[in-house]
Amino acid sequence: MAEKSHTSIQYEKELQDIKETLLYEGALVEKAIQYAMQSLLERDSDRARNVIAADDRINELDKRIEENCIRLLALRQPAAKDLRFIATAIKVNGHLERIGDLAVNIARRALDLNEVPPVKPYVDLPRMSDITREMVKESLDALVKEDCELAEAVREKDEKVDNLNEQIFRELLTFMLEDPKTIHRSLMITQISKSLERISDHAESIAKMVIYMVTGKNVRHQGTARDSEK
Amino acid sequence: MSGTRVLPGIPKNKRTCLHKVGLSGEYMKKSLFYKVFGTYLVITLIAMLVVGFYATRQIQSRLMERIDTELMSYAQMININPSQSEIISKINSLSKTSNARITLVDSDGVILADSDEQASGMDNHLNRPEIEEARVKDTGRSMRFSKTLGMNTLYVALPIKEGPAIRGYIRLARPLTEVRHYIREINLLILQSFLIVGFLSFLIAFVFTSRLTSPIHEMEQFTERLREGEDPGSLMINSSDETGRLARNINYMVLELKEKIQSANEEKGKLESVLASMEDGILLLDTDDKIEAINDASKKIFTTRFHDIVGKTPLEAFRNIDMQKALDRFKETGTPVSREIILGEEDQTELDVTISPVHGLPEGKEKAMIVMHDVTRLKKLEKVRADFVANVTHEIKTPLTAILGFIETLEGGAIDERNTAKKFLHTIHDNAERLDRLVDDLRVISDAELGDMKFSFEDVSLNGVIENALTVIERKASEKRLVIEKEIPDDLPSIWGDRDRLHQIMLNVLDNAVKFTPDEGKISIKALDGKDGNVYIKTSDTGIGIPKGEISRLGERFYRVDKTRSRELGGTGLGLSIVKHLMTAHNGRIEIDSQLGRGTTVSLIFPTYQEDLTA
């Protein structure tokens with residue numbers, strides 16, 4: 001894209017436009033996760049309402065990117081790297097939109113949880129949220145820089161999030177067993193934890209698409225580089 | 001890209017491109033030479049052709065005339081004595097003398113004799129043009145191709161008359177080999193002179209072009225040096241013709257150019273040094289909204305996360321919604337836009353960002369400039385101050401409310417119930433004491449901050465300080481059934497300090513440890529001489545711990561990680577702040593390390609007495 005100039009400036013512009021819109025969507029999504037988690041941890045319901053309102057914008061961008069990608073495919077018949085970029089853009093776009101929805105889920109739960117006293121101070125959830133946000137951020141960074149190493153690093157973080165998710169579930173289970181009154185709240189927290197875990201999965205998928213876009217190799221449904229070294 | 005490029009020069013590749021197009025001196029010289037030489041050659045050729053053409057024609061006609069006259073006079077001489085038999089008998093010797101073929105024809109056209117051929121085998125000659133002409137005009141001549149002689153031949157014929165009657169004809173013929181021969185010679189001469197002239201013109205053209213191109217060549221090299229950026233000096237061509245004038249003009253132009261370049265360089269240098277020394281970060285966006293140049297300050301603002309941003313759009317570089325919104329707004333309105341933007345997540349950078357257009361570019365292009373003012377520290381200070389005011393009022397208000405409330409109750413009649421009144425008075429006393437403590441702490445803080453604090457420095461044994469503090473704290477600790485572990489060597493070096501202040505430091509640290517450790521926890525105090533000129537006192541607890549992000553704010557006045565809990569525990573929120581100030585006064589420092597939920601370790605690091613003396 002950037003290093004190679006196309007004969008048609010218009011074409012170049014359209015590709016760049018898709019990239020920009022995608023990054024804009026990414027930035028919105030990153031912020032949505034951040035605000036959703038802040039609204040929970042700082043018990044600030046306004047932020048949660050912000051996240052829910054901002055989802056319309058994300059959906060709108062999602063539609064626009066998809067339309068632009070399809071139009072470009074139809075009119076320009078891109079080849080090689082451009083084609084891979086468009087394919088990646090369509091996929092990443094879908095993932096980002098889903099992450100946006102998950103952030104809305106978290107925000108909704110946060111709104112509920114902010115109305116009731118906390119079960120316990122959050123310890124693992126902030127860590128999980130930090131790692132997840134890092135993953136989303138780095139997967140998008142990898143997309144911008146076309147950096148396979150960074151993408152690979154994102155993939156390796158997914159395991160940590162999975163572990164934290166399980167840990168949170170186990171911990172909440174003991175709370176629920178001890179005191180049935182906490183069941184409702186605990187379940188909501190597990191839902192949030194689950195949403196974060198799903199977000200990290202989407203981030204991992206984005207990272208894989210980046211690897212595909214740069215190298216042309218499809219690493220989906222395969223282990224990470226570290227796994228294969230074992 | 002290395003360094004800051006504010007004013008981009010001509011890119012390198014464009015220069016080489018120019019070089020390819022430029023004519024090399026050698027090539028130009030040759031081409032000019034060929035042009036001059038070619039012109040000379042063409043002119044010479046035309047002249048020679050014209051001369052050749054006229055000369056050949058002239059010579060041919062003169063020769064023909066001569067041959068014609070010669071033949072005619074021979075014919076007349078033969079005709080003087082027209083005895084046919086005599087002519088026939090002497091025809092061969094006559095032919096030899098006249099160097100011509102002689103033919104004798106009778107009036108009917110029958111050949112009587114011929115010097116070159118047998119007369120009997122020849123055709124009738126009456127209808128030959130020269131004979132016909134002779135019959136009519138008395139003389140006849142014709143030039144045509146003779147089959148007998150095999151070449152162009154001039155024929156001359158005279159009638160042999162007896163009175164008015166024609167008895168026969170005498171004809172002389174001579175082939176024109178002589179003419180051809182002459183013409184060939186002339187042509188050869190012309191060719192020779194053409195070659196000589198051609199050679200001369202070659203020499204002349206060479207000399208002429210060298211004389212013409214040498215100043216041009218010099219000028220060309222001169223301009224080449226100029227383009228390469230060297231100092232070309234000035235052209236030394238003393239000639240009054242066009243080249244001389246051209247050289248003078250070039251010299252003048254170079255002088256002007258030098259001045260302009262110098263002033264431009266000065267301007268550029270000024271601009272660059274201004275940009276480089278500016279505290280504010282500056283990004284220059286090109287017409288495609290890509291970051292074209294950044295100054296040093298922006299490199300400082302953008303930590304490692306944002307390195308390598310030149311050539312990217314701001315969205316690619318920062319992926320920040322607020323920045324993008326500001327840019328979009330700027331693009332819509334075209335007027336400067338100011339926003340406060342937070343970059344980064346872990347350690348946030350708050351920026352006061354102004355986007356403004358860069359005017360005065362050629363072709364009506366508009367670039368944008370983003371000026372970023374780092375207000376992180378400012379905002380932090382602002383927040384600290386705002387928090388302080390809010391906290392002070394809050395801290396004072398809480399005990400006051402309690403005191404006022406109980407006094408009102410007492411006034412309302414509770415004073416008559418002796419037992420209740422006593423309890424109330426006790427509460428009032430407690431709150432008043434707390435107020436007192438708070439005011440004391442505040443005074444210490446403000447003294448420390450204003451540098452008004454009075455110290456009485458002396459040699460102090462840290463063992464004594466720690467022991468004293470521990471005895472004070474032991475009662476509280478035993479209430480919470482805390483285990484206190486000590487690991488204090490007896491020979492701790494003494495330090496130069498204020499005994500009361502050191503006691504206060506130790507007490508505050510231990511008090512915090514006790515306060516934030518749940519019942520049946522453990523507190524351990526380790527002291528050691530680091531042998532590096534420092535004494536370390538580490539107080540670890542198994543308390544609730546502090547989140548990572550909050551540690552840096554602990555020294556702030558009234559800053560509490562968990563506001564409600566701390567107040568329940570009777571803290572003023574000033575303890576650590578006071579410790580920090582007092583440690584600074586002792587040239588020491590405090591380090592806090594904590595794991596949320598696991599406990600906190602507070603390390604006090606004092607320079608030893610000896611170190612202090614040498615310092």
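**Helix α5 of chain A**

Helix α5(A) is 31 residues long and spans 47 Å from its first C-alpha to its last, close to the 45 Å expected at 1.5 Å a residue. The model is a predicted one. The points below start with this helix, widen to the rest of chain A, and then turn to chain B.

- The buried residues of α5(A) include A151(A), V154(A), V161(A), L164(A), I168(A) and L172(A).
- R155(A), K157(A), D158(A) and N165(A) are also among the buried residues of this helix.
- An α-helix has 3.6 residues a turn, so residues three or four places apart point the same way.
- What do the buried residues of α5(A) pack against? Their partners are α4 and α6 of chain A.

**Chain A as a whole**

- Chain A has seven helices and zero strands.
- Read from the N terminus, the order of its elements is α-α-α-α-α-α-α.
- Of the 230 residues in chain A, 41% are buried.
- Among contacts in chain A with a separation of 6 or more, 78% are between residues 24 or more positions apart.

**Nonpolar cores**

- In soluble globular proteins, nonpolar side chains tend to be buried together.
- The largest nonpolar core contains 62 residues. Those with the most contacts inside it are V29(A), A32(A), A36(A), V51(A), A103(A), I106(A) and V210(A).
- Two or more residues of this core come from each of α1 (9-41), α2 (45-76), α3 (80-113), α4 (124-145), α5 (148-178) and α6 (183-215) of chain A.
- Which helix gives the most to this core? The helix is α1(A), with 14 residues.
- I106(A) is in contact with A36(A), M37(A), L40(A), I192(A) and S195(A), when its neighbours within four places in sequence are left aside.
- Another core, of 35 residues, lies apart from the largest one. I466(B), V514(B), I544(B) and V579(B) are among its members.

**Where the two chains touch**

- Ten residues of chain A are in contact with nine residues of chain B.
- On the chain B side, α9 (314-318) and α10 (321-333) each supply at least two residues.
- That side of chain B is made up of three nonpolar, four polar and two charged residues.

**The antiparallel sheet of chain B**

- In chain B, five strands form an open sheet in the order β2-β1-β5-β4-β3, and their pairing is antiparallel.
- The edge strands are β2 (111-114) and β3 (140-146) of chain B, each of which pairs on one side only.
- On average, neighbouring strands of this sheet are turned by 25° against each other, direction ignored.
- Helix α4 (residues 91-98) of chain B packs on the sheet and touches β1 (101-106), β2 and β5 of chain B. The direction of this helix makes about 135° with that of β1(B).
- Ten bridges pair β4 (residues 151-162) with β5 (residues 165-175) of chain B in the antiparallel sense.
- K161(B) has I166(B) of β5(B) opposite.

**The mixed sheet of chain B**

- A further open sheet in chain B has five strands in the order β12-β14-β15-β17-β16, with mixed pairing.
- Its edges are β12 (483-487) and β16 (589-595) of chain B; each has a single partner strand, so one side of each is left without a neighbour in the sheet.
- Neighbouring strands here are turned by 15° against each other on average, direction ignored.
- Strands β14 (residues 522-529) and β15 (residues 534-541) of chain B run antiparallel and are joined by seven bridges.
- Opposite K526(B) stands K538(B) of β15(B), and opposite I525(B) stands T539(B) of β15(B).
- In a regular strand the side chains alternate between the two faces of the sheet.
- A hairpin is formed by β14(B) and β15(B), with four residues between them. K531(B), in the turn, has a positive phi of about 60°.
- β15(B) is also joined by seven bridges to β17 (residues 599-607) of chain B, and these strands run antiparallel. Y536(B) has I605(B) in β17(B) as its bridge partner.
- Helix α14 (residues 499-515) of chain B lies across β14, β15 and β17 of chain B, at about 25° to β15(B).

Definitions and conventions
Residues are numbered from 1 along each chain as its sequence is written. Chains are lettered from A and ligands numbered from 1 in the order in which they are written. This is a predicted model: local features need pLDDT of at least 70, side-chain atom pairs count only at pLDDT 80 or more; totals for chains, interfaces and linings use all residues. Two strands pair if DSSP finds at least two bridges between them. Axes are lines fitted to C-alpha atoms, for helices over the stretch in contact, and angles run from 0 to 180 degrees between N-to-C directions. Two residues are in contact if their C-beta atoms, placed from the backbone, lie within 7 Å. A nonpolar core is a set of buried Ala, Val, Leu, Ile, Met, Phe, Trp, Tyr and Cys residues joined through C-beta atoms within 7 Å. A residue is buried if 20 or more other C-beta atoms lie within 10 Å of its own, exposed if 12 or fewer, and partly exposed in between; C-beta atoms are placed from the backbone. The expected span of a helix is 1.5 Å times one less than its number of residues. Ala, Val, Leu, Ile, Met, Phe, Trp, Tyr, Cys and Pro count as nonpolar, Asp, Glu, Lys and Arg as charged, and the others, Gly among them, as polar.
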